[in-house]
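Here's a look at some charged side chains and how they pair up. Have the sequence and the 3D view ready, then read on.

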Amino acid sequence: MSENAYKQAGVDVEAGYESVRLIKDDVKKTAIEGVLGGIGGFGGLFEMPKNYENPVLVSGTDGVGTKIRVAFLMDKHDTIGQDCVAMCVNDIACSGAKPLFFLDYIAIGKNVPEKVAQIVKGVADGCVLSGCALVGGETAEHPGMMPEDEYDVAGFSVGVVEKSKITDGKNAKAGNVLIGIASSGVHSNGYSLVRKVFGLNDDNAKETLNTYSNELGKTIGEELLTPTRIYVKPLLKLIDEVGINTVSHITGGGFIENVPRMLPDGLKAVIKKGSWEVLPIFNLMQKKADIPERDMYNTFNMGIGMIVAVDADKAEKAVKCLEDAGEKAYIIGELVDGEKGVEIVGNNEVIS
């Protein structure tokens with residue numbers, strides 16, 4: 001074989017070097033206190049913060065799921081990285097933890113440096129929004145394993161919280177008010193159903209994505225690629241200034257699977273349908289595919305990306321705190337005594 005044997009086998013080492021060169025500035029903008037060294041080492045170094053009496057590390061890992069298919073079809077790759085960061089750091093924040101650092105993993109059929117740079121730009125944007133550092137990552141070229149124009153993205157993050165301040169539901173009690181924080185759209189869950197609803201596995205998928213929707217005020221593709229909202233800074237501000245008793249990130253499984261995760265035994269969440277603005281994309285999908293209401297609430301966030309429980313006398317203050325931080329927030333229900341679970345009620349019916 002020639003000296004370019006590895007390249008002939010499908011792996012372009014020089015493209016890898018070029019990718020690293022292109023992402024350096026984006027990685028640099030995520031640097032925060034605690035970062036030691038830069039990219040290129042065998043491990044990302046981060047010094048443990050010193051202002052904790054009993055620090056607990058909180059970790060989270062996730063990917064973007066089949067939302068990536070929309071990015072392929074639209075050939076737009078600069079936001080999918082933010083989705084990946086959001087899915088990890090929002091989960092970490094549910095424990096009251098501040099994310100410290102993030103690492104990404106990109107598996108790609110063919111390393112096109114400019115495409116990799118777009119993906120990493122989204123990752124870096126997500127890290128900036130959540131106040132954490134991008135300390136490392138891996139781009140793995142998989143010739144013969146993946147189509148050349150496809151990739152997958154996953155991430156891993158670590159945060160820290162004072163042990164006495166972990167929000168694990170131990171302080172939740174009947175009478176707590178539930179506050180919902182608005183989502184930016186579908187976020188990064190339920191896209192297998194989304195793709196089925198809009199026929200994105202069909203030959204005319206690109207045409208569908210480029211179709212303007214009056215209901216959405218944008219194209220279908222623009223709506224579906226809206227990045228997942230990152231709640232870290234507003235949530236930590238709320239914890240510091242008001243205090244919360246428990247919290248849930250509304251991800252895969254929607255309300256019905258995620259709300260019970262925030263509850264101790266003996267408490268039930270009662271959520272009032274109509275107490276917040278359901279985003280047009282959800283109404284459009286439900287109508288288009290005649291999806292039962294329970295399935296909607298068991299798949300999608302329905303316009304609420306995070307739910308927190310606070311003492312009743314702090315509810316209005318909590319809403320104002322979130323609004324001051326740039327979020328839309330709604331009082332959407334309460335906790336009551338009962339079997340652990342969630343009820344979504346409205347129009348004299350119980351959805352769950």
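## A helix-to-loop pair

Glu-293 comes out as partly exposed, with 24% relative accessibility (buried means under 20% relative accessible area, exposed over 50%, partly exposed in between, using a 1.4 Å probe and protein chains only). This is a predicted model, where local features need pLDDT of at least 70 and side-chain atom pairs count only at pLDDT 80 or more, while totals for chains, interfaces and linings use all residues. Residues are numbered from 1 along each chain as its sequence is written, and side-chain values use heavy atoms, leaving out hydrogens and water.

So who does Glu-293 meet in a salt bridge? Its partner is Lys-273, at 2.6 Å from N to O (a salt bridge is a side-chain nitrogen of Lys or Arg within 4 Å of a carboxyl oxygen of Asp or Glu). Glu-293 sits in helix α12 (residues 293–297) and Lys-273 in the loop between β11 (267–272) and α11 (280–289), so the pair ties together parts 20 residues apart in sequence. Helices (H or I, at least four residues) and strands (E, at least two) are DSSP runs, numbered from the N terminus.

Glu-327 is buried at 6%, while Arg-229 is partly exposed at 31%.

## The overall count

The structure has 17 salt bridges.
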